[in-house]
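This briefing covers a sheet, a helix and a set of salt bridges. Please keep the sequence and the coordinates at hand while reading.

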Amino acid sequence: MTLLAHERYCDEIADQVGLLRSVVTSGADLSATVPTCPDWSLEQLVRHTGGALRWVELLVRTRARENVGEQQVPSHGGPETEGDPAALDAWLAETGEAVVAALREAGPDAKVWGWAGGGDARFWARRMTHEITVHRADAALAAGLPYDVAPEVAADALDEWLYLVEWVQQNVPHRASGELRAEEHRGRSIHLHATDAPAGLDAEWLVELTEQGIAWSRGHEKATVALRGPLTAVMLAFYRRLPLESAGLEVIGERKLLEFWLEKTSFG
């Protein structure tokens with residue numbers, strides 16, 4: 001599994017925090033429901049994202065060897081005042097600076113507790129890059145603002161998501177992930193194909209459903225169903241942030257298999 005450089009992840013977290021802050025200060029209604037996370041308002045989404053970053057900052061800075069409860073994380077929930085974009089922006093700025101500094105100081109190989117097989121700061125740099133990348137998409141959609149992400153980051157987000165689905169299948173007794181191994185789906189496959197990837201970026205994936213769990217790789221292969229479109233749109237659709245009917249996306253083959261996958265991987 002090829003990862004981006006640790007410093008690249010750190011840079012991306014800093015950039016994504018800045019972009020999320022721009023949503024907060026854009027004049028968007030902080031009480032608006034987030035369409036892709038309907039249990040949250042925009043403000044709750046931002047507080048959740050910032051809280052996750054603060055939690056990771058504490059884990060990495062203290063080189064925690066076991067999980068740390070949210071109640072132990074200073075200012076985990078955000079500013080006391082609600083509906084105040086200036087206070088939320090300041091808290092998010094401080095949060096971003098702290099987590100990036102902790103990750104840079106630790107370096108990629110520092111031992112830190114992690115789930116999904118993670119055990120070092122590199123894991124958390126990657127995980128937080130995609131946590132905020134996807135939640136910024138949620139925020140942008142809620143605010144009606146445009147969204148884009150660097151191609152190599154979008155591609156790595158798809159890699160990481162497939163890795164996490166694979167890990168859950170193998171390690172967590174999760175009914176939905178187990179259903180992906182059902183006999184009637186064995187031998188079927190999903191192909192993701194980004195149509196606008198820059199030269200040198202292999203932005204195609206094959207996901208195969210097997211008795212042992214999913215198997216996936218980068219590359220061009222025929223499959224039971226294919227999802228084609230711009231890389232950012234493919235990523236967002238695979239993360240269930242865009243409907244399959246969105247402009248620029250095309251589903252070729254057995255659409256029901258892709259819909260089944262999206263339903264059964266909603267545990268993320």
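In which helix does His130 lie? His130 is part of helix H4. The model is a predicted one. The points below start with that helix, then turn to the sheet and the charged pairs.

**Helix H4**

- Helix H4 covers residues 121-143, a run of 23 residues.
- At 1.5 Å a residue, H4 should span 33 Å, and the 32 Å between its end C-alpha atoms agrees with that.
- The helix is largely enclosed by the rest of the structure, because 20 of its 23 residues are buried.
- Just after H4 comes Gly144, with a positive phi of about 70 degrees.

- Is His130 buried or exposed? His130 has a relative accessible area of 1%, and the cut-off for buried is under 20%, so His130 counts as buried.
- Once neighbours within four places in sequence are set aside, the contacts of His130 are Tyr9, Val153, Asp156, Ala157, Glu160 and Tyr239.

- Arg127 and Glu131 form a salt bridge, and their closest N and O atoms are 3.2 Å apart.
- Both residues belong to helix H4 and sit four residues apart, about one turn of the helix.
- An α-helix has 3.6 residues a turn, so residues three or four places apart point the same way.
- Arg127 and Glu131 are both buried.

**Other salt bridges**

- How many salt bridges does a search of the whole structure find? The search gives 21.
- One of them joins the side chains of Arg8 and Glu152, at 2.7 Å from N to O. Arg8 is in helix H1 (residues 6-24) and Glu152 in helix H5 (residues 151-171), so this pair ties together parts that are 144 residues apart in sequence.
- Glu245 is exposed, with a relative accessible area of 60%, whereas Arg255 is partly exposed at 28%.

**The five-stranded sheet**

- In what order do the five strands of the open sheet run? The order is E5-E4-E3-E6-E7, and the pairing is mixed.
- Strand E5 (213-218) and strand E7 (250-253) are the edge strands, each of which pairs on one side only.
- On average, neighbouring strands of this sheet are turned by 15 degrees against each other, with direction ignored.
- Strands of a sheet pair through backbone hydrogen bonds, in either a parallel or an antiparallel sense.
- Strand E3 (residues 189-194) pairs with strand E4 (residues 204-210) in the antiparallel sense, over five bridges.
- Which residue in E4 is the bridge partner of His191? The partner is Leu206.

Notes
Residues numbered from 1 in each chain as written. Predicted model: local features only at pLDDT ≥ 70, side-chain atom pairs only at ≥ 80, totals over all residues. Heavy atoms only, no water. Pairing = 2+ DSSP bridges. Helix = DSSP H or I, 4+ residues; strand = E, 2+ residues; numbered from the N terminus. Axes fitted to C-alpha atoms, helices over the stretch in contact; angles between N-to-C directions. Expected span 1.5 Å × (residues − 1). Buried < 20%, exposed > 50% of the residue type's maximum accessible area, 1.4 Å probe, protein only. Contact = heavy atoms within 4.5 Å. Salt bridge = Lys/Arg side-chain N within 4 Å of Asp/Glu carboxyl O.
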